[in-house]
Amino acid sequence: MSEPPATSEELSLPKATVQKIISEILPSDITFAKDSREALIECCIEFLMMLSTESNDIADRELKKTISTDHVMKAVDELGFGEYLPSLNKVLKDFKETNKIRERKNNKLQNSGLSEEELLRQQEELFKASRRRLEQHDK
(Lines give C-alpha, C1' and ligand atoms only; values in the text may rest on other atoms or scores of the structure.)
Protein backbone atom coordinates (compact mmCIF):
# COMPACT_ATOMS: atom_id res chain seq x y z
CA MET A 1 0.00 0.00 0.00
CA SER A 2 2.92 2.32 0.59
CA GLU A 3 4.59 4.49 -2.00
CA PRO A 4 8.19 5.62 -1.84
CA PRO A 5 8.64 8.49 0.60
CA ALA A 6 8.44 11.93 -0.98
CA THR A 7 11.35 14.30 -0.86
CA SER A 8 11.12 17.38 1.33
CA GLU A 9 10.66 19.56 -1.79
CA GLU A 10 7.53 17.57 -2.68
CA LEU A 11 6.03 17.94 0.80
CA SER A 12 4.63 21.37 1.42
CA LEU A 13 1.45 23.29 1.85
CA PRO A 14 0.45 26.33 -0.22
CA LYS A 15 2.01 29.29 1.60
CA ALA A 16 -0.73 31.69 0.49
CA THR A 17 -3.42 29.37 1.83
CA VAL A 18 -1.62 28.91 5.14
CA GLN A 19 -1.15 32.69 5.41
CA LYS A 20 -4.86 33.23 4.68
CA ILE A 21 -5.84 30.78 7.44
CA ILE A 22 -3.42 32.44 9.86
CA SER A 23 -4.82 35.88 8.98
CA GLU A 24 -8.39 34.68 9.54
CA ILE A 25 -7.54 33.23 12.95
CA LEU A 26 -5.29 35.91 14.42
CA PRO A 27 -6.47 39.37 15.45
CA SER A 28 -5.58 42.01 12.84
CA ASP A 29 -3.05 43.73 15.13
CA ILE A 30 -0.88 40.59 15.38
CA THR A 31 1.59 39.61 12.67
CA PHE A 32 3.00 36.18 11.97
CA ALA A 33 6.67 36.13 10.96
CA LYS A 34 7.68 34.29 7.78
CA ASP A 35 9.92 31.85 9.69
CA SER A 36 7.03 31.15 12.08
CA ARG A 37 4.80 30.36 9.11
CA GLU A 38 7.47 28.00 7.74
CA ALA A 39 7.71 26.27 11.14
CA LEU A 40 3.91 25.93 11.25
CA ILE A 41 3.91 24.41 7.76
CA GLU A 42 6.60 21.90 8.81
CA CYS A 43 4.54 20.95 11.90
CA CYS A 44 1.42 20.52 9.77
CA ILE A 45 3.29 18.30 7.31
CA GLU A 46 4.67 16.20 10.16
CA PHE A 47 1.19 15.84 11.66
CA LEU A 48 -0.28 14.85 8.30
CA MET A 49 2.47 12.26 7.83
CA MET A 50 1.80 10.80 11.28
CA LEU A 51 -1.95 10.77 10.65
CA SER A 52 -1.50 9.17 7.22
CA THR A 53 0.82 6.50 8.57
CA GLU A 54 -1.50 5.66 11.47
CA SER A 55 -4.54 5.61 9.15
CA ASN A 56 -2.68 3.31 6.78
CA ASP A 57 -1.71 0.99 9.66
CA ILE A 58 -5.34 0.81 10.79
CA ALA A 59 -6.49 0.02 7.25
CA ASP A 60 -3.78 -2.66 6.99
CA ARG A 61 -4.91 -4.27 10.25
CA GLU A 62 -8.45 -4.39 8.85
CA LEU A 63 -7.09 -5.86 5.59
CA LYS A 64 -8.40 -2.89 3.63
CA LYS A 65 -6.67 -1.45 0.59
CA THR A 66 -8.34 1.94 0.82
CA ILE A 67 -8.06 4.30 3.77
CA SER A 68 -11.57 5.39 4.75
CA THR A 69 -12.85 8.24 6.86
CA ASP A 70 -13.31 5.79 9.73
CA HIS A 71 -9.63 4.85 9.56
CA VAL A 72 -8.64 8.52 9.75
CA MET A 73 -10.98 9.15 12.68
CA LYS A 74 -9.58 6.12 14.53
CA ALA A 75 -6.07 7.38 13.83
CA VAL A 76 -6.94 10.82 15.24
CA ASP A 77 -8.15 9.11 18.40
CA GLU A 78 -5.20 6.72 18.66
CA LEU A 79 -2.73 9.60 18.22
CA GLY A 80 -4.27 11.28 21.26
CA PHE A 81 -6.44 13.88 19.54
CA GLY A 82 -9.80 12.33 20.43
CA GLU A 83 -11.07 15.63 21.84
CA TYR A 84 -11.24 16.92 18.25
CA LEU A 85 -13.48 14.11 17.01
CA PRO A 86 -16.80 15.93 17.64
CA SER A 87 -15.57 18.93 15.62
CA LEU A 88 -14.20 16.68 12.88
CA ASN A 89 -17.47 14.75 12.69
CA LYS A 90 -19.40 18.01 12.31
CA VAL A 91 -17.09 19.20 9.52
CA LEU A 92 -17.40 15.80 7.83
CA LYS A 93 -21.21 15.90 8.08
CA ASP A 94 -21.29 19.43 6.62
CA PHE A 95 -18.96 18.37 3.81
CA LYS A 96 -21.13 15.38 2.92
CA GLU A 97 -24.27 17.54 2.84
CA THR A 98 -22.59 20.14 0.63
CA ASN A 99 -21.27 17.42 -1.64
CA LYS A 100 -24.77 15.89 -2.01
CA ILE A 101 -26.18 19.26 -3.07
CA ARG A 102 -23.34 19.76 -5.55
CA GLU A 103 -23.85 16.26 -6.99
CA ARG A 104 -27.60 16.85 -7.39
CA LYS A 105 -26.93 20.08 -9.27
CA ASN A 106 -24.37 18.38 -11.51
CA ASN A 107 -26.69 15.45 -12.18
CA LYS A 108 -29.58 17.77 -12.99
CA LEU A 109 -27.46 19.54 -15.62
CA GLN A 110 -26.00 16.30 -16.99
CA ASN A 111 -29.41 14.64 -17.19
CA SER A 112 -30.96 17.57 -19.05
CA GLY A 113 -29.57 16.23 -22.33
CA LEU A 114 -28.49 19.74 -23.33
CA SER A 115 -24.99 20.99 -23.98
CA GLU A 116 -23.46 23.58 -21.70
CA GLU A 117 -23.72 26.14 -24.52
CA GLU A 118 -27.45 25.43 -24.92
CA LEU A 119 -28.01 25.70 -21.17
CA LEU A 120 -26.13 29.02 -21.11
CA ARG A 121 -28.22 30.29 -24.06
CA GLN A 122 -31.43 29.33 -22.24
CA GLN A 123 -30.19 31.03 -19.10
CA GLU A 124 -29.44 34.22 -21.04
CA GLU A 125 -32.94 34.13 -22.57
CA LEU A 126 -34.45 33.84 -19.08
CA PHE A 127 -32.38 36.83 -17.92
CA LYS A 128 -33.56 38.89 -20.91
CA ALA A 129 -37.19 37.98 -20.23
CA SER A 130 -36.78 38.96 -16.57
CA ARG A 131 -35.23 42.30 -17.56
CA ARG A 132 -38.13 43.00 -19.94
CA ARG A 133 -40.68 42.22 -17.21
CA LEU A 134 -38.79 44.42 -14.76
CA GLU A 135 -38.62 47.29 -17.27
CA GLN A 136 -42.34 46.99 -18.01
CA HIS A 137 -43.09 46.96 -14.29
CA ASP A 138 -41.02 50.12 -13.75
CA LYS A 139 -42.96 52.07 -16.44
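**A tour of the fold**

Analyst: Happy to! Along the sequence, the protein follows the pattern α-α-α-α-α. Keep in mind that this is a predicted model.

User: How many helices and strands is that?

Analyst: The secondary structure comes to five helices and zero strands.

User: What share of the residues counts as buried?

Analyst: Of the 139 residues of the protein, 12% count as buried.

User: And what about contacts between residues at least 24 apart?

Analyst: Taking contacts between residues at least 6 apart in sequence, 33% of them join residues at least 24 apart.

User: Let's go to H1 and H2. At what angle do they pack?

Analyst: Helix H1, residues 15-25, packs against helix H2, residues 34-61, at an angle of about 105°. Their axes are 11 Å apart. An angle from 65 to 115 degrees counts as roughly perpendicular, so H1 and H2 are roughly perpendicular to each other.

User: Which residues meet there?

Analyst: From H1 you have Lys15, Val18, Gln19 and Ile22, and they meet Arg37, Glu38, Leu40 and Ile41 in H2. Sorted by class, the contact of H1 with H2 has four nonpolar, one polar and three charged residues.

User: Tell me about isoleucine 22. Buried or exposed?

Analyst: Isoleucine 22 counts as buried because its relative accessibility is 7%, and the cut-off for buried is under 20%. This residue sits in helix H1.

User: What does isoleucine 22 touch?

Analyst: Not counting residues up to four places away in sequence, isoleucine 22 touches Phe32, Arg37 and Leu40. The C-alpha atoms of isoleucine 22 and arginine 37 are separated by 8.5 Å, and the two residues are 15 residues apart along the chain.

User: New topic: aromatics. How many pairs are there?

Analyst: The count comes to two aromatic pairs. In one of them, the rings of phenylalanine 47 and phenylalanine 81 have centres 5.2 Å apart and planes at 85°, so the pair is edge-to-face. The cut-off for that label is over 60 degrees.

User: Nice. Which residues make up the largest nonpolar core?

Analyst: It has six residues in all: Leu51, Ile58, Met73, Ala75, Val76 and Leu85. H2 and H3 are the elements that give two or more residues to this core, and the largest share, three residues, comes from H3. As background, nonpolar side chains in soluble globular proteins tend to be buried together.

User: What is valine 76 in contact with?

Analyst: Leaving aside neighbours within four places in sequence, valine 76 is in contact with Leu51, Phe81, Gly82, Leu85 and Leu88.

User: How about serine 55, buried or exposed?

Analyst: Serine 55 is buried, with a relative accessible area of 2%. Its place is in helix H2. Beyond neighbours within four places in sequence, serine 55 is in contact with Ile67, His71, Val72 and Ala75.

User: Last one: what's going on with phi of leucine 63?

Analyst: Phi of leucine 63 is near 60°, a positive value in a residue other than glycine. Leucine 63 is found in the loop between H2 and H3. With a relative accessible area of 77%, leucine 63 is exposed.

Notes. Residues are numbered from 1 along each chain as its sequence is written. This is a predicted model: local features need pLDDT of at least 70, side-chain atom pairs count only at pLDDT 80 or more; totals for chains, interfaces and linings use all residues. Side-chain values use heavy atoms; hydrogens and water are left out. Axes are lines fitted to C-alpha atoms, for helices over the stretch in contact, and angles run from 0 to 180 degrees between N-to-C directions. Helices (H or I, at least four residues) and strands (E, at least two) are DSSP runs, numbered from the N terminus. Angles under 35 degrees count as roughly parallel, over 145 as roughly antiparallel, 65 to 115 as roughly perpendicular and the rest as oblique. Contact means heavy atoms within 4.5 Å. Ala, Val, Leu, Ile, Met, Phe, Trp, Tyr, Cys and Pro count as nonpolar, Asp, Glu, Lys and Arg as charged, and the others, Gly among them, as polar. Rings of Phe, Tyr and Trp (its six-membered ring) pair if their centres lie within 6.5 Å; planes under 30 degrees apart count as stacked, over 60 as edge-to-face and the rest as tilted. A nonpolar core is a set of buried Ala, Val, Leu, Ile, Met, Phe, Trp, Tyr and Cys residues joined through side-chain atoms within 4.5 Å. Buried means under 20% relative accessible area, exposed over 50%, partly exposed in between (1.4 Å probe, protein chains only).
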